[in-house]
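This report describes one protein chain for a reader who is new to structural analysis. Please keep the sequence and the 3D structure in view while reading.

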Amino acid sequence: MMAAISASKEGKKVILLERNEKLGKKLFITGKGRCNITNDCPTEDFLNHVATNSRFLYSAFSHFTNKDMIHFLNEAGLKTKVERGQRVFPESDRSSDVIGMLKRICDRNHVEIRYHAKVEEILFGEDNIISEGNCDGGKQKDIMIKEKQKNRAKDSVSEGRQKSTVSDIVSEKKLKAARN
């Protein structure tokens with residue numbers, strides 16, 4: 001949801017593919033249903049407590065930190081509180097409030113949400129990323145990042161653009177982060 005919100009703020013047409021029947025199922029169970037949002041310690045301390053490969057997060061945290069997350073939520077009208085161990089929760093102690101707030105921002109930013117969607121493949125074109133998968137029982141392709149005309153996007157795919165799995169993308173991003 002946060003990636004969809006970020007892309008929509010850049011003026012992009014965004015389609016969020018949700019595998020489940022509702023958004024935020026995993027958020028709903030964090031913190032025993034209270035939603036342990038993040039931790040309020042300094043970023044370096046936060047990264048030192050990541051169990052495996054914290055270096056992978058350095059690039060992301062150079063652009064959006066745990067403190068930025070708290071500020072984002074507060075600015076959006078969700079009050080937060082800090083508890084023992086610097087853990088951050090919604091003041092209401094309800095994860096559904098976090099999910100609802102993120103959903104409202106997606107709606108306000110015209111993010112299209114498709115439920116029961118399963119991404120099977122990600123295709124990279126010259127100016128766009130296309131995912132192919134199933135959504136509500138039908139196979140379809142959606143341009144995920146830069147909106148182009150459907151015919152041009154289909155032509156790019158049929159011309160044999162690179163196909164990647166999600167793990168390939170993550171590995172590529174790790175390499176780029178390590179180089180920077």
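Asp-107 counts as partly exposed, because its relative accessibility is 40%; the term covers values between the buried class (under 20% relative accessible area) and the exposed class (over 50%), found with a 1.4 Å probe and protein chains only. Asp-107 forms a salt bridge with Lys-103, and the closest N and O atoms are 2.9 Å apart. A salt bridge here is a side-chain nitrogen of Lys or Arg within 4 Å of a carboxyl oxygen of Asp or Glu. Lys-103 is also partly exposed, with a relative accessible area of 27%. Both residues belong to helix α6, where they are four residues apart, about one turn of the helix.

## Basis of the model

The model is predicted: local features need pLDDT of at least 70 and side-chain atom pairs count only at pLDDT 80 or more, while totals for chains, interfaces and linings use all residues. Residues are numbered from 1 along each chain as its sequence is written, and side-chain values use heavy atoms, with hydrogens and water left out.

## The chain as a whole

The chain contains eight helices and nine strands. These elements are DSSP runs numbered from the N terminus, with helices (H or I) of at least four residues and strands (E) of at least two. Of the 180 residues in the chain, 32% are buried. The accessible surface comes to about 11,700 Å², and carbon and sulfur atoms account for 49% of it; such areas come from the Shrake-Rupley method with a 1.4 Å probe, and for residues only the protein chains shown count as cover.

Among contacts in the chain with a separation of 6 or more, 56% are between residues 24 or more positions apart.

The buried residues of α6 are Ser-95, Val-98, Ile-99, Gly-100, Met-101, Leu-102, Ile-105 and Cys-106. Their cover includes α1 (2-9), α2 (25-29), α5 (66-75), β4 (87-90) and β5 (112-114).

A nonpolar core is a set of buried Ala, Val, Leu, Ile, Met, Phe, Trp, Tyr and Cys residues joined through side-chain atoms within 4.5 Å. The largest such core has 22 residues, and those with the most contacts inside it are Leu-16, Ile-37, Leu-73, Leu-102 and Val-111. Two or more residues come from each of α1, α5 and α6, and α6 gives the largest share, six residues. Not counting residues up to four places away in sequence, Leu-102 touches Met-1, Met-2, Ile-5, Leu-27 and Phe-72.

## Other charged residues

The structure holds nine salt bridges. One of them joins the side chains of Asp-40 and Lys-67 (2.9 Å, N to O). Asp-40 lies in the loop between β2 (38-39) and α3 (43-48) and Lys-67 in helix α5, so the pair ties together parts that are 27 residues apart in sequence. The C-alpha atoms of these two residues are separated by 6.6 Å. Lys-67 is partly exposed, at 39% relative accessibility.

Glu-112 and Arg-114 also meet through their side chains in a salt bridge (2.7 Å, N to O). Glu-112 is partly exposed at 31% relative accessibility, whereas Arg-114 is buried at 19%. Salt bridges that share partners join Arg-34, Lys-81, Glu-83 and Asp-93 into one network.

Which buried residue has no salt bridge? Glu-18 is buried yet without one, and Lys-25, the nearest side chain of opposite charge, is 7.7 Å away. Glu-18 lies in the loop between β1 (15-17) and α2.

## Residues with positive phi

Most residues other than glycine have a negative phi. Cys-35, in the loop between α2 and β2, has a positive phi near 70°, and Cys-35 is buried with a relative accessible area of 1%. His-110, in the loop between α6 and β5, has a positive phi near 60°. At 68% relative accessibility, His-110 counts as exposed.

How values were computed. Contact = heavy atoms within 4.5 Å. Lys, Arg positive; Asp, Glu negative; His and termini not counted.
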